[in-house]
Amino acid sequence: MPLRFSILIIFLLIAFSLAIFSGSAEIAVFDVVKILLNPGAAEASAEWRIVWDFRLPRALAAVLAGAALSLSGLLLQSVFRNPLAGPFVLGISSGASLGVALFLLAGFGLGSLGLLSAAALGAMAVLAFIAMFSRFISGNAGLLVLGLMTGYFADAVVSILMHSTNADALRGFISWGFGSFGRLRWAEMPYFAICVLLGLMLAVFCIKYLNAIALGEDGAKSLGINVKQKRLLSLAAAAILAAAATAFCGPIGFIGMATPHLARGFFNSDNQRILIPGSLLTGALLALAAGILSQGLWGLPPLPLNAVASLMGAPVVIWVLLPKRVSACKV
């Protein structure tokens, strides 16, 4: 396992370096290294502003967003014991999008704290709704259906808001909906990092439950675990992580669903003590790769981040489904 973690870390450092060295503005590698090693030497130059005010925060935002979405997806897949669970499936991302839509389409603009608060309120509202009705639903499949329907309802409300708002507010919301790691600035970075750290701490606190729930709720209860409490904490962590990533970077699909499968395949393990750090590293690497590809390299125009992430993540989900369908066809 240490070797596999080392390989992931090396690839993550390479991807992080590529994210800083690459971009639409052509800056020599030597000049970028010189700026990074002497941060105050050429503060007034355009190259300094590009590296320190845009590329470096963009790369850090990709790391945080990828880690947040992947851990959120891992928590949801573990709690519901469903390989297709993710922030979008439970309606958490849709709830966060609804909160942001209410904020942006009301004309408040792209203020970071306002976006974070709106996204968190939307995600927590969906989580509270699901938790309130979960006592009347037996089984995790019913909760997944409830989450899907809640997400569809939130998306419908967003569509109505978009249809009835003015052109300027609609333009801002559509731009946010494409997804981007380039919106985050240094002043906003601590808030994002705190949200990711809080979600990670809650996940670590629930590791015993996350491992035991694979045996079923009865098996977890037999080990003396308070299943309802730990399930709620795990869902709260997933909501916080998804809300933070959605608020700061926009709705980014498939990373949360696909990354845990990549981590399980790479580490060949279902132990959460391995999967949690493994998913964090894999998610950060995948997000950095999506960010690099979306920048418009080799003379190509920039692409929407959400579309690039979906193009990268969708094959993984198909790969998860395909063996089951092949087996079903053989039967």
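Mentor: What follows is a look at one helix, and then at the core and a loop elsewhere in the chain. This is a predicted model, in which local features need pLDDT of at least 70 and side-chain atom pairs count only at pLDDT 80 or more, while totals for chains, interfaces and linings use all residues. Residues are numbered from 1 along each chain as its sequence is written, and side-chain values use heavy atoms, with hydrogens and water left out. Helix α7 covers residues 167-177, and its buried residues are A169, F173 and W176; a helix here is a DSSP run of H or I with at least four residues, numbered from the N terminus, and buried means under 20% relative accessible area, exposed over 50%, with a 1.4 Å probe and protein chains only. Seen down the axis of α7, these buried residues fall within an arc of 60°, so they line one face of the helix, the arc being that of the directions from the helix axis to the C-beta atoms. The face turned away from that buried side carries the exposed residues D168 and R171. Just after α7, G179 takes a positive phi of about 85°.

Turning to the core, F181 and F192 have the most contacts inside the largest nonpolar core, which has 105 residues; such a core is a set of buried Ala, Val, Leu, Ile, Met, Phe, Trp, Tyr and Cys residues joined through side-chain atoms within 4.5 Å. Helix α3 (residues 46-80) gives the most to this core, with 18 residues. Finally, N268 sits in the loop between α12 (255-267) and α13 (272-293), and its phi is near 50°, a positive value in a residue other than glycine.

Note on methods:
Helices (H or I, at least four residues) and strands (E, at least two) are DSSP runs, numbered from the N terminus.
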